[in-house]
Amino acid sequence: MNTPLAANARQSLTTVHGERILQLARETLDIEAAAVQQVGQRLTESFVHAVQRMLAVQGRVVVMGMGKSGHVGRKMAATLASTGTPALFVHPAEASHGDLGMVQAQDLVLALSNSGESDELTAILPVLKRLGIPLIAITGGLDSTLAHHADIVLDSGVAKEACPLNLAPTASTTAQLALGDALAVALLDARGFKAEDFARSHPGGALGRRLLTHVRDIMRQGDAVPSVSPSADFSALMREMSAKGLGASAIVDEQRRVLGIFTDGDLRRLIEKGVDLRALQAQDVMHAGPRTVNQNALAVEAAELMEQFKITSVLVVNDEGRLCGALNSNDLMRAKVI
């Protein structure tokens, strides 16, 4: 709707000076960075106690918060859950209307409120206390209702918000978010949480594919693996390479132990040298002792091997050293390992 007010707003937007925009952006980042530093400097033994209580909990960490603190709380619960600490978010307003049943006696509640006086949150604090559920508070209101009910209080107070009106939650939510990340990092370290554990909770992501996909999951196998005996004539070697489309063929003995490999690049170099290929056998042209990878290795290890030695395909062997598969860079790309 093209009202005079809307027209004036558009005009004011077009006249905002670029330097003013940059100035406000830098001031916002400076204020929020300072707020996080100040929170870090105020950390005490209460943070250690909070981590210890969260480590000891038999159930889940139930994160609660209203408004912007609730948005931070959802992210906090997600970060905890993905780094080894079972967690979920429960909305305080919904908790008063039945969702409090999601909180069990073996759980722990992590409550966020900058003021510590959010009505929806304070309304359920007596119930949590009666149920004997441990309560950790992240708040800037150290003398608030939330702080008085909490077993452990983590100070997230800030000197001022980044908002020029000092109203919109900005620095305070950044401080909450940073404290949540600090808890998650301390917890994952205490649990001995590793990259493989992280990958198991992120199977659809790039890290999950890199850490959970094994060579055996994506390799070509059976009749799709090109191989010939050492005495195979050159024509048979070429037919095998053409039929299997790998751009290479393994040369194996009767027990399928890998003796060598012959690639498209080897063929090109022989032609350039003018070698008479008709009388040659596979053992005459193969590269002996080629690079191989075990079928149980991670696919990313195969990718690193190819990159290190500037090769585009690699033969796969089992624990007995027998040929059981093959893969090339296209196979790795299809599996989204690279």
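Residues are numbered from 1 along each chain as its sequence is written. Because the model is predicted, local features need pLDDT of at least 70 and side-chain atom pairs count only at pLDDT 80 or more, while totals for chains, interfaces and linings use all residues; side-chain values use heavy atoms, with hydrogens and water left out. Helices (H or I, at least four residues) and strands (E, at least two) are DSSP runs, numbered from the N terminus.

Two packed helices are described by the angle between their axes and the distance between the axes. Helix α3 (residues 45-56) packs against helix α9 (residues 171-190) at an angle of about 55 degrees, and the axes are 10 Å apart. Axes are lines fitted to C-alpha atoms, for helices over the stretch in contact, and angles run from 0 to 180 degrees between N-to-C directions. The angle makes α3 oblique to α9 (under 35 degrees counts as roughly parallel, over 145 as roughly antiparallel, 65 to 115 as roughly perpendicular and the rest as oblique). Contact (heavy atoms within 4.5 Å) is made by F47, A50, V51, M54 and L55 of α3 and by L179, A182, L183, A186, L187 and A190 of α9.

Strand β1 (residues 61-65) is mostly covered, with five of its five residues buried (buried means under 20% relative accessible area, exposed over 50% and partly exposed in between, with a 1.4 Å probe and protein chains only). V61, V63 and G65 point one way from β1, and V62 and M64 point the other way. Strand β2 (residues 87-89) pairs with β1 in the parallel sense over three bridges; two strands pair if DSSP finds at least two bridges between them. In this pairing, V63 stands opposite F89 of β2.

An open sheet of three strands has the order β10-β11-β12 and mixed pairing. Its edge strands are β10 and β12 (323-328), each of which pairs on one side only. β10 and strand β11 (residues 313-317) run parallel and are joined by three bridges, with T292 opposite L315 in β11. Helix α16 lies across β10, β11 and β12 and runs at about 135 degrees to β11.

The loop between β10 (292-294) and α16 (299-309) holds N296. This residue, N296, is partly exposed, with a relative accessible area of 36%. Not counting residues up to four places away in sequence, N296 touches H214, R216 and D319. The C-alpha atoms of N296 and N318 are separated by 7.8 Å, and the two residues are 22 residues apart along the chain.
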